[in-house]
Amino acid sequence: MDAIVKLRNLSKSYHSKEGEISAISHVDLEVAAGEFVSIVGPSGCGKSTLLSIISGLIPPSEGEVFVNGQIGYMFQKDHLFPWRTILSNALLGLEIQKKMGRENVAYAHELLEKYGLGDFKKHRPQELSGGMRQRAALIRTLATRPQILLLDEPFSALDYQTRLTVSDEIGGILSAEEVTAILVTHDIAESIALSDRVIVLTQRPCSVRNIHKIDIDRGAARRNSPKFSEYFDRIWKELREDG
Amino acid sequence: MDRNLSDEHLSFLKGIRRRKYLVAVCQILILAAFFGLWEVAALLGWIEAFIFSSPSRMYRMLLSMVESGEIFRHIWVTASQVVAGFVLGTILGTLVAVILWANDFTRRVLNPYLVVFNALPKTALAPIIIVWLGNNAGAVIVTALLISVVVTILNMLTGFMQVEEDKIKLAQSFGATKFQTLRKVVFPASVPDLINALKINIGLSFVGVIVGEFLVSQAGLGFLIVHGSQIFRMDMVMLSIMILCVLAAVFYQAIAIIEKRFANWAE
């Protein structure tokens with residue numbers, strides 16, 4: 001399969017009066033179309049910066065970024081606007097991109113129906129549960145038909161139970177819609193449960209420490225597989241040695 | 001509503017109603033006592049009615065001014081100037097705040113000037129404005145505008161700057177331009193700040209208009225107050241102040257209605 005995202009020798013430094021901080025140092029990474037990749041690393045390393053660079057929101061200091069497709073972004077918080085209904089929140093991306101044609105709007109409706117928000121189109125986000133809100137946020141992004149989805153700890157604001165359900169749900173939606181996903185998380189279990197590959201980063205300035213190919217059947221049962229805890233232990237050990 | 005309410009809940013609801021009723025009664029009583037005492041004091045000669053006026057004298061003054069139609073003209077002049085100063089000050093202030101939000105460099109450059117201008121009592125500028133613009137309604141409106149514009153700029157700018165970074169990033173991830181970010185995210189997110197600015201501005205606009213009318217005009221409630229005190233018609237002065245109270249209450253209520261409409265705007 002062809003790589004849809006390619007990072008070559010990527011570095012990023014931040015400058016302030018106090019000096020220069022190197023956040024990312026020489027990262028090479030390839031993500032294939034349709035793949036689900038997770039990035040885990042010690043907190044405070046440049047995980048989120050990496051996503052911002054891939055999305056083009058900030059430029060790298062050094063190295064090259066190739067992105068072959070349109071990007072969607074999902075954040076820690078759903079950022080649904082309280083002054084908009086769920087439907088009009090879901091249409092935000094299309095509105096900004098001036099793609100409010102009948103077909104695209106119908107697609108947004110279809111996604112809302114398909115993923116259980118059909119009855120809540122006229123509701124305000126305040127009236128929905130955290131899990132439903134996160135699903136609405138995902139639909140807002142999917143409505144613009146991105147080929148690549150960047151997820152910046154999108155479940156970490158949810159409580160533990162909701163989090164398990166929502167992450168499985170969203171994993172399911174993403175594989176159903178055949179979107180390539182790059183997930184940044186500090187939750188090792190989540191990364192193993194959802195991805196094809198888990199990329200472990202080092203302490204700041206972060207670089208790739210190891211890449212684990214997750215060889216367990218996809219689905220909700222993944223967490224029960226004996227291999228799951230093996231992966232968990234290995235990744236946890238790598239992170240701990242580094243921390 | 002559920003018909004099968006428990007006795008405890010019923011008595012709870014009754015308590016709330018009772019309390020609301022009591023508050024209203026007390027509010028009316030204070031007003032009645034104030035005017036009653038004033039009238040009695042004037043009648044019995046505890047205060048000099050010529051200087052302090054009295055409710056009945058104010059009422060007679062009101063009747064005669066209603067008969068001549070004069071009072072409506074004065075109320076109209078003041079009310080329209082307040083609205084003009086208020087609307088212009090809010091729009092202009094919001095526009096300047098947008099420019100400062102969009103341009104970090106301009107914001108840094110202008111910051112000290114804004115701070116000083118904010119601290120300056122704007123009424124001190126009223127005489128200059130009258131010299132420049134002449135003895136007319138325009139000068140009064142500009143005085144009112146000047147007083148409310150700086151507060152609006154500072155309030156709206158704070159609101160704009162406090163919008164979460166990720167919300168802006170979200171819009172940018174869809175490829176939003178700066179103007180789209182403003183229109184779809186930053187401005188709607190700052191609507192509660194705008195309503196706060198409206199609440200402050202209506203009071204400030206009144207201050208500006210009355211000061212302006214003190215200094216220049218030939219009409220308006222501010223003019224009536226100054227004119228009445230000059231010719232020693234305290235009935236006219238007191239009546240004008242009473243009408244100002246009512247006018248202020250009406251405007252405030254109008255803004256409260258707008259605020260209610262946007263009640264579910266914020267998170």
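This is a predicted model: local features need pLDDT of at least 70, side-chain atom pairs count only at pLDDT 80 or more; totals for chains, interfaces and linings use all residues.

User: What makes H8(B) and H9(B) roughly antiparallel to each other?

Analyst: Helices are DSSP runs of H or I with at least four residues, strands are runs of E with at least two, and both are numbered from the N terminus. H8(B) and H9(B) pack at an angle of about 155°, and their axes are 10 Å apart. Axes are lines fitted to C-alpha atoms, for helices over the stretch in contact, and angles run from 0 to 180 degrees between N-to-C directions. Angles under 35 degrees count as roughly parallel, over 145 as roughly antiparallel, 65 to 115 as roughly perpendicular and the rest as oblique. H8(B) and H9(B) are therefore called roughly antiparallel.

User: Which residues of H8(B) and H9(B) meet?

Analyst: Lys167(B), Ile168(B), Ala171(B) and Gln172(B) of H8(B) meet Gln180(B), Thr181(B), Lys184(B), Val185(B) and Ala189(B) of H9(B). Two residues are in contact if their C-beta atoms, placed from the backbone, lie within 7 Å. By class, this contact has four nonpolar, three polar and two charged residues. Here Ala, Val, Leu, Ile, Met, Phe, Trp, Tyr, Cys and Pro count as nonpolar, Asp, Glu, Lys and Arg as charged, and the others, Gly among them, as polar.

User: Why is H4(B) called oblique to H11(B)?

Analyst: Helix H4 (residues 70–102) and helix H11 (residues 221–230) of chain B pack at an angle of about 125°, with axes 7 Å apart. That angle makes H4(B) oblique to H11(B). His74(B), Ile75(B) and Thr78(B) of H4(B) make the contact with Leu221(B), Gly222(B) and Leu224(B) of H11(B). The residues of this contact divide into three nonpolar, three polar and no charged.

User: What makes H5(A) roughly parallel to H6(A)?

Analyst: Helix H5 (residues 130–142) of chain A packs with H6(A) at an angle of about 25°, and the axes are 10 Å apart. This angle makes H5(A) roughly parallel to H6(A). The contact of H5(A) with H6(A) has four nonpolar, five polar and two charged residues.

User: Why do S5(A) and S9(A) stand at the edges?

Analyst: Six strands of chain A form an open sheet in the order S5-S6-S7-S3-S8-S9, with mixed pairing. Two strands pair if DSSP finds at least two bridges between them. Strand S5 (71–74) and strand S9 (208–213) of chain A each have a single partner strand, so one side of each is left without a neighbour in the sheet. The twist averages 15° from one strand to the next. S5(A) and strand S6 (residues 148–152) of chain A are joined by four bridges in the parallel sense; Met74(A) has Leu151(A) as its bridge partner in S6(A).

User: Which strands form the antiparallel sheet of chain A?

Analyst: Three strands form this open sheet, in the order S2-S1-S4. Strand S2 (19–32) and strand S4 (62–67) of chain A are the edge strands, as each pairs on one side only. Strand S1 (residues 3–16) of chain A pairs with S2(A) over 10 bridges in the antiparallel sense, and His15(A) stands opposite Glu20(A) in S2(A). Helix H1 (residues 47–54) of chain A packs on the sheet, touching S1, S2 and S4 of chain A.

User: How is chain A divided into domains?

Analyst: Domain 1 of chain A covers 3–69 + 147–242, and domain 2 covers 81–144. Such bounds come from an automatic or database domain assignment. The C-alpha centres of these two domains of chain A lie 26 Å apart. Their contact takes 10 residues from domain 1 of chain A and eight residues from domain 2 of chain A.

User: How many residues of chain B are in contact with chain A?

Analyst: In chain B, 17 residues are in contact with 18 residues of chain A. H8(B) gives the most to the side of chain B that touches chain A, with seven residues. By class, that side has seven nonpolar, five polar and five charged residues.

Conventions: Residues are numbered from 1 along each chain as its sequence is written. Chains are lettered from A and ligands numbered from 1 in the order in which they are written.
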